[in-house]
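Thanks for making time this morning.

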Amino acid sequence: SFTLSYFPQDWRMLVTALGSNVDGGSPSPYTHVISEINSASGAPFTSGAMNPFTSYTLEASAKGAATGENFIRTLVGCNTNTWTLNASQGEILSVDVDGMAQDVIFTSGAITAPTEETTRPFLWRDVKVHIPSGTVVPEFKTMTFSVNNNLEVAHYLNGSQVSEAFKPLGRDYELSLTADATSENTKTFWETRFVGGSMLQQGTGSEFNVMIEINASTGSRDAFFILSGCKLLDFSLPLPQEGVNESSVTIRPKNCVVSINDLTFQYNPY
């Protein structure tokens, strides 16, 4: 297993969590539409009886004073289990990835030189949250959106300790938001989205859609996370003695599709 965190400059890693992507457009900009595939469906870049999600390779390296002193672990057959986007006021957006690898290979030779991506990471000021799509809620202070594939590891009795293709079970989405409480939006979250008009039916409010807009440059560097079939599962409004009242909500979407414009030629491997 592995965990990594990074400041996103594009959204290629999300393809490994949702499973499908269509590239298009011209250089100003290129377009990418990332969408979900079912765990029972075949990934477009793999084949065989298992038909697993598209895998990738990670290199974790520590450089020594000379060749032969390097400490390099190459993780092969990697799949993304969870992909989590984090946004907080005044901060750089970050992504956390938890995944699994089939095998790890150790070497001490030459380290693969990375190619620097020169575009700036996305910032808090690039983010808007629409509930529903087209209606921006301006008071949000933090946002966490996660994709969880619930991967299951298979170690069969086959004479090898290398795991077989990982099995994605039911995919879960979760969107957590914290906002300065206002009379307008807090009432809507509670009355319409959460209790559905009855305290005995919490979490049974009407379904709605959410759009997370991340816009560093309109039309040339933006992304729209479209979450549909959303239900508000948890609502919290503490009443502190001092300070600003904050409301926190947890939302469970049914589906996710992401539409992107940027200058990255391809998200797909070919």
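This is a predicted model: local features need pLDDT of at least 70, side-chain atom pairs count only at pLDDT 80 or more; totals for chains, interfaces and linings use all residues.

The protein chain carries 15 positive and 27 negative side chains, and the centres of the two sets lie 3 Å apart; here Lys and Arg count as positive and Asp and Glu as negative, while His and the chain ends are not counted. The place of each charge is taken as NZ of Lys, CZ of Arg, CG of Asp or CD of Glu.

Residues are numbered from 1 along each chain as its sequence is written, and side-chain values use heavy atoms, with hydrogens and water left out.

As for confidence, the mean pLDDT (the predictor's confidence in each residue, from 0 to 100) is 89 for the protein chain, and 94% of its residues reach 70 or more. Confidence is lowest in helix H2, residues 183–194, with a mean of 81, and highest in strand S6, residues 94–100, at 97. The protein chain has 2 helices and 16 strands, where helices (H or I, at least four residues) and strands (E, at least two) are DSSP runs numbered from the N terminus.

Coming back to the charges, which of them pair up? A search of the whole structure finds 6 salt bridges, a salt bridge being a side-chain nitrogen of Lys or Arg within 4 Å of a carboxyl oxygen of Asp or Glu. One of them joins the side chains of Asp180 and Lys141, at 3.2 Å from N to O. Asp180 lies in strand S12 (residues 172–180) and Lys141 in strand S9 (residues 140–148), so this pair ties together parts that are 39 residues apart in sequence. Lys141 is buried, with a relative accessible area of 18%, whereas Asp180 is partly exposed at 28%; buried means under 20% relative accessible area, exposed over 50%, and partly exposed in between, with a 1.4 Å probe and protein chains only.

Lys141 also meets the side chain of Glu246 in a salt bridge, at 2.4 Å from N to O. Because Glu246 lies in strand S15 (residues 246–252) and Lys141 in strand S9, that pair ties together parts 105 residues apart in sequence. Glu246 is partly exposed, at 32% relative accessibility, and Lys141, Asp180 and Glu246 are linked in a network of salt bridges.

What share of contacts comes from residues 24 or more positions apart? Among contacts in the protein chain (heavy atoms within 4.5 Å) with a separation of 6 or more, such residues account for 65%. Of the 270 residues, 40% count as buried.

Finally, Ser55 is found in the loop between strand S3 (30–36) and strand S4 (56–62), and is partly exposed at 43% relative accessibility. Leaving aside neighbours within four places in sequence, Ser55 is in contact with Gly77, Cys78 and Asn79, while its C-alpha atom is separated by 8.1 Å from that of Val76, 21 residues apart along the chain.
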